[in-house]
Each structure stands twice: as structure tokens, then as C-alpha cells.
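Subject: Structure handover

Hello,

Here is the structure I said I would pass on. My notes on what turned up in it follow below.

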Amino acid sequence: METVSYTSQWTAAARALESERSDALFVDPLARALAEPKGFELLDHYGGGGLVEFVAVRTRYLDDAIGDAVKKGIRQVVLIAAGMDTRAYRLSLPDDVRVYEVDHQALIDEKEKRLAQLGSPAPTVNLQRVGADLAGDWSASLRGTDFDPAQPTLWIPEALLFFLTEEQSATLMRTFAANSAPGSQVAVDILSKALLRSPATQIFLSSLNEDGIPWLFGTDEPEEFMAGTGWTVRELKEPGEPGAGEGRWPYAVQPREIKGAARNWLLRAELA
């Protein structure tokens with residue numbers, strides 16, 4: 001519970017900083033309040049090495065993935081480990097689109113309490129929050145709502161896979177596939193294995209380990225990983241490329257043929 005909660009707080013803090021830029025990639029007016037109590041403190045502690053910039057790029061990339069999926073006719077969007085995400089309050093989607101936020105019930109209760117205290121407006125979309133044990137059969141809780149596995153779905157497990165093992169990540173993707181109709185999609189961020197091994201990231205990763213929130217999984221072959229779980233990658237980008245924060249990423253994008261480069265993958269995949 002604490003792992004997801006801490007991540008939610010520093011992610012909200014990063015979204016708040018992005019929202020306050022004159023050239024913001026998105027605007028999340030609720031982010032600063034939802035980053036409390038430790039979000040900015042955690043961001044100061046962990047926030048070097050492009051973390052703030054990556055959160056901004058990833059947020060916009062996944063926002064765009066939702067918009068594009070809806071344009072293609074998808075009417076169910078499932079946010080896994082939604083945390084303090086507020087897409088349901090800031091995105092404009094057709095009235096027949098349903099958004100499901102799946103997370104631990106305690107985190108959902110805290111989020112709803114904070115939103116009520118803020119006097120936040122109603123969601124701009126048809127929203128259902130689903131309390132579930134993310135380490136257990138969370139899909140049973142989702143199916144207990146009006147979610148329809150016979151309809152195409154967009155799945156978004158944002159900022160989650162690196163906290164899982166490779167086996168757990170693969171199981172998650174297979175669970176998506178098992179609850180998906182033809183035409184379903186996944187949009188997700190994945191680390192490269194090289195990033196987890198890079199000397200440049202070891203101080204940051206050691207801090208995460210010491211605080212009990214280690215990053216565990218990365219892959220240098222995201223297409224192969226996704227294919228092995230039932231999904232075909234249709235788009236693979238890195239921060240700084242067109243459509244993925246071009247001009248806003250502080251590092252050069254390394255050509256794919258360069259082996260061993262530390263990478264953050266942003267991808268969209270369809271049900272194979």
C-alpha cells in the first residue's frame with residue numbers, strides 16, 4: 001500500500017510542477033493538493049535524472065493514447081493503480097466512455113476524501129472507482145461493475161511495471177488479454193533492463209531500495225515481452241521523440257541499434 005501511495009504523491013507533485021509551466025504539456029489543477037503530505041519532499045529526494053520531465057512526457061503520452069483509442073471506438077478505459085491520477089476530471093471524452101480506476105480501497109478512500117475537501121467539481125467522464133487487491137484477483141472486482149469484457153478496452157497500468165517482477169508484469173498483461181475483446185489496447189511505460197543496470201542510475205535506485213520501494217523489472221526487448229503476453233506492439237517511443245515530448249526531454253535519444261543504452265519505453269499495443 002505504501003509503495004503505491006508514495007509513488008502517487010511524488011507523481012502528483014511532478015504533475016503539479018508541469019501544470020504550472022507556461023508551456024505545460026497538460027494542466028492538472030488538482031495535482032498540487034493531491035501531492036500532499038510528502039509528494040514534494042519525495043520529489044526533492046528522488047527527483048533528479050529526468051524524473052520530473054519523464055512524468056510530464058508520460059502523462060501527456062497516455063492522455064493522447066486515451067484520446068486516440070476513443071477516436072477508434074473504444075469506450076472502456078481501465079486505469080490500473082490509478083493513485084492520485086485525475087484524468088477523469090480534466091479530459092473531455094464522449095458521454096458513452098466509461099473510465100474505471102482500479103486501486104487499493106484505502107487509497108481510493110483517501111483520494112475521495114481529499115477531493116471532497118477540495119470541493120472539486122464532478123468528473124468530466126463516466127467514472128467508477130474499483131477497490132481491489134492489486135496483488136490478488138483484481139479483475140474479479142472489475143467484473144463486478146458494469147465493465148464488459150466483450151467490449152474493446154484500453155488498459156493503462158501507468159508507473160506500475162517497474163515495481164513488479166518480470167513474472168508479475170507478464171501475469172498482469174495476460175490478465176488484461178483474458179479480459180479483453182478484439183480491438184483492445186494497452187498503453188504503458190516500461191523501463192529498459194539497461195537502465196536498471198546503468199551506473200548513472202545506481203544512486204537513485206539505491207535510495208528506492210533503502211526506502212523499501214525498489215524498481216525490479218525492465219526489458220531491452222519490449223516487443224518480445226509484450227508478444228509473449230498476447231499483445232502486439234503498434235507504437236514504441238522514447239521520451240524526446242515526436243509524439244513523446246519532443247523538445248522537452250533533457251537527454252539525447254539514442255538510436256535503437258546502440259545496445260546497452262538506458263531507456264524509458266512508451267508503447268501502445270493491440271490484442272494479438
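A159 is buried, with a relative accessibility of 12%, which puts this residue under the 20% limit for that class. The model is a predicted one, and the values here are computed from it. A159 sits in the loop between β4 and α8. The phi angle of A159 is positive, near 55 degrees, although the residue is not a glycine.

A81 also has a positive phi without being a glycine, at about 55 degrees. This alanine belongs to the loop between β1 and α5 (87–90). A81 is buried too, at a relative accessible area of 12%.

The loops of these two alanines follow β4 and β1, and those strands are partners: β1 (residues 76–80) and β4 pair in the parallel sense over 4 bridges. In that pairing, L79 stands opposite I156 of β4.

On another side of the pairing scheme, β4 is joined to β5 (residues 185–191) by 2 bridges, and these strands also run parallel. Here W155 stands opposite V186 in β5.

Is β4 itself covered on one face or on both? Both faces of the strand, which spans residues 153–156, are covered. T153 and W155 are buried on one side, L154 and I156 on the other.

E36 and P37 are joined by a cis peptide bond, with omega at about 5 degrees. P37 lies in the loop between α2 (31–34) and α3 (39–46).

The largest pocket holds about 620 Å³ of space. Its lining is made up of 30 residues, with G49, L195, T201, W249 and N264 lying nearest the centre. The elements that contribute two or more residues to this lining are α1 (2–19) and α4 (51–71). α4 gives the largest share, 4 residues. By type, the lining of the largest pocket divides into 18 nonpolar, 9 polar and 3 charged residues.

Regards

Methods:
Residues are numbered from 1 along each chain as its sequence is written. This is a predicted model: local features need pLDDT of at least 70, side-chain atom pairs count only at pLDDT 80 or more; totals for chains, interfaces and linings use all residues. Side-chain values use heavy atoms; hydrogens and water are left out. Buried means under 20% relative accessible area, exposed over 50%, partly exposed in between (1.4 Å probe, protein chains only). Two strands pair if DSSP finds at least two bridges between them. On a 1 Å grid over the protein atoms alone, a cavity is a set of points where a 1.4 Å probe fits but cannot get out, and a pocket is an open set with protein on both sides within 12 Å along at least five of seven lines; lining residues have an atom within 4 Å of a point. Grid points are joined across faces, edges and corners, and a volume is the space filled by probe spheres set on the points. Ala, Val, Leu, Ile, Met, Phe, Trp, Tyr, Cys and Pro count as nonpolar, Asp, Glu, Lys and Arg as charged, and the others, Gly among them, as polar.
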